[in-house]
Amino acid sequence: MKKIILLFVITIIIFGCRSIDTGTAGSNAEITPGRTTSSIRLGDIERQVNDNPVMALNLIFIYKETYSVTDNISGNEDWQKLSLFEKQAAENLLAAQEKAIDENRWEDAVSLGRSISSIGLTTPNTGREAAFTLLYAKKKLQEGDNLSAFLAAVRSHEMQPMDFQSALLFLEKAVEARQRRSSAFFFAAAQSARDRNRNIPAALAEYATGSDTFSDMIKGVATVIVDRGFRIERGMGMPDRVLGSAFFVDSSGLLITNYHVIASEVDPKHRGASRMFIRMGDAASPRIPARVIGWDKALDLALIKTEIETDYVFSLVDRVIPQVGDTVLAIGSPMGLQKTVTSGIVSALGRRFLQIGDVIQVDAAVNQGNSGGPLIDSEGRLVGVIFAGMPQFQGLNFAVPAEILAAALPAMIKGGRAQRPWFGLTICETFSGAEVIYTAPNTPAAFHKINEGSFIRTINGRTVTAPQGGIIPALQNEMFTYGPGELVALETSDSEGNIKKSVIMTVSRPDLPLLDAARIDRRERMAAPLFGMVLVPLQSSLFSSNFRVDRVVRGSIADEAGISENDPVSINRLRIMENEGFAILEISVKKRRMGYLDTNMQLPVWLDSPNTL
């Protein structure tokens, strides 16, 4: 301890000496006036005002969180500068959207519009998100990108029903692309928008009202083979291959599969060979090279491409939410057996196995090799993307909902790792709503002082509601419409009902959201987001390892281990297994329910928590 204090004093002396200007030899030393933290922050803001107004506004709001606002700012030079910078940044943000509109960059116009809305500005472009999205869809249609065009057209129609001429345009393109479900969607949109003087051509109506057979759908499913060379087992070389399934979502050769099927193709940590192919028929059919376009690890989804044309394309326009008990069919290549169709029912909804959102549980026979194949309902509509059974849930199988796939695809189409927005919060569901139980350091939420124990009320003015057990995935789904680098208005309240309004610029969600926090934060604080127990120290010492359990999150690792409130806990060690993606907390706990019997425990947990926002 003495060495630490001595080092601290020496550091102060060194840095203090640096502020002295010695001038010429023999002259009187002059002390150079130092810059205040406030002036440094203002300088950072000024540098961003013109080039990046969104970042400038974000820094302005952080400044306001850091320094108290005085009633009379006329005599405060720093606050006068801040007010001027805020005005300039807002004007530049509006100008950036106008420029995007003039240049027909409709996607950028929509993104900038969301940031403008979050700071409460009303402009002539306010409320035109649906129109901009429709213009973006038409632009993509002209470029020959039917997949992006149809996805954007559906988003636009959900915000504001499209006019007859637009619906007819997309109907014609869907029929031309031989996409039955897309045709049916735009046919219904055209019907609801038409008037007496406008009719839908009979040929278009006939195709849109028809149906595809399951034999047709099988033609749009492929087997995915990832050849990773050989592995050594017991001194012998064994082929190292990953089998999966995929299905076409565009006639240009784009297919959907699971991320874990193609992980070795894009994971920089993978060492060794990795080549990907697809096969359209049985084992005697040729292997066709394929490559990864984009992936979303948090949702276990990937978009791959091959240079062939397909006889069938699955449409993503249906927003099907199946009900428990509905009949579903899975198409894929279990154990490499191509073109296999199995049937079953939807067993449950709302299972939380992925980082974002929830998944569907099904009882259809699914095995290794089915991963990435389509799950369809009895009407031939895409319901989800199968991911094969998990070892800890023998006999149970799951699927990523098609609704989430449709929302995730635009980011994957851009190529590379899909970027998702992130605040840096860990939340839990209580009877009072979504409560913040942990704010990760060095994240947007920490910079804007979103306090632990507060409750999320609204996101950009929208109150998110969900049935019991569904509030966290509902909040995550709400964030799907935003991108990293956008301003988002977050309204929270504390336990006494005091409301706090923050405007936060999101960042890209890490693959393992809690990894950086686990590296730098205190281990007793990490007990809440990782293991679900909030600890308070038994001694007023920074270096104490003895704590009391103040609260246990229901359904958490701590809850499953039988730990309860007021149990005394001693933390022995927190181990972070970065390469494996999990952490282990070693503790000694005296459980009240067991007569305070001293018990040593190891609590393992994955670092990709599904409860982060």
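Colleague: On what basis are the values given?

Modeller: This is a predicted model, in which local features need pLDDT of at least 70, side-chain atom pairs count only at pLDDT 80 or more, and totals for chains, interfaces and linings use all residues. Residues are numbered from 1 along each chain as its sequence is written, and side-chain values use heavy atoms, with hydrogens and water left out.

Colleague: In what order do the five strands of the open sheet stand?

Modeller: Strands of a sheet pair through backbone hydrogen bonds, either parallel or antiparallel. Strands here are DSSP runs (E, at least two residues), numbered from the N terminus, and two of them pair if DSSP finds at least two bridges between them. The order is E23-E24-E25-E26-E27, with antiparallel pairing. Strands E23 (533-537) and E27 (597-606) stand at the edges with a single partner strand each, so one side of each has no neighbour in the sheet.

Colleague: How many bridges join E24 to E25?

Modeller: Three bridges join E24 (residues 546-552) to E25 (residues 568-577). Arginine 548 stands opposite proline 568 in E25.

Colleague: Is serine 333 buried or exposed?

Modeller: Buried means under 20% relative accessible area, exposed over 50%, and partly exposed in between (1.4 Å probe, protein chains only). Serine 333 has 2% relative accessibility and therefore counts as buried. This serine is found in the loop between strand E9 (327-332) and strand E10 (340-351).

Colleague: Which residues touch the most other members of the largest nonpolar core?

Modeller: A nonpolar core is a set of buried Ala, Val, Leu, Ile, Met, Phe, Trp, Tyr and Cys residues joined through side-chain atoms within 4.5 Å. Of its 53 residues, Ile45, Met162, Phe170, Leu171, Phe186 and Ile200 touch the most other members.

Methods:
Helices (H or I, at least four residues) and strands (E, at least two) are DSSP runs, numbered from the N terminus.
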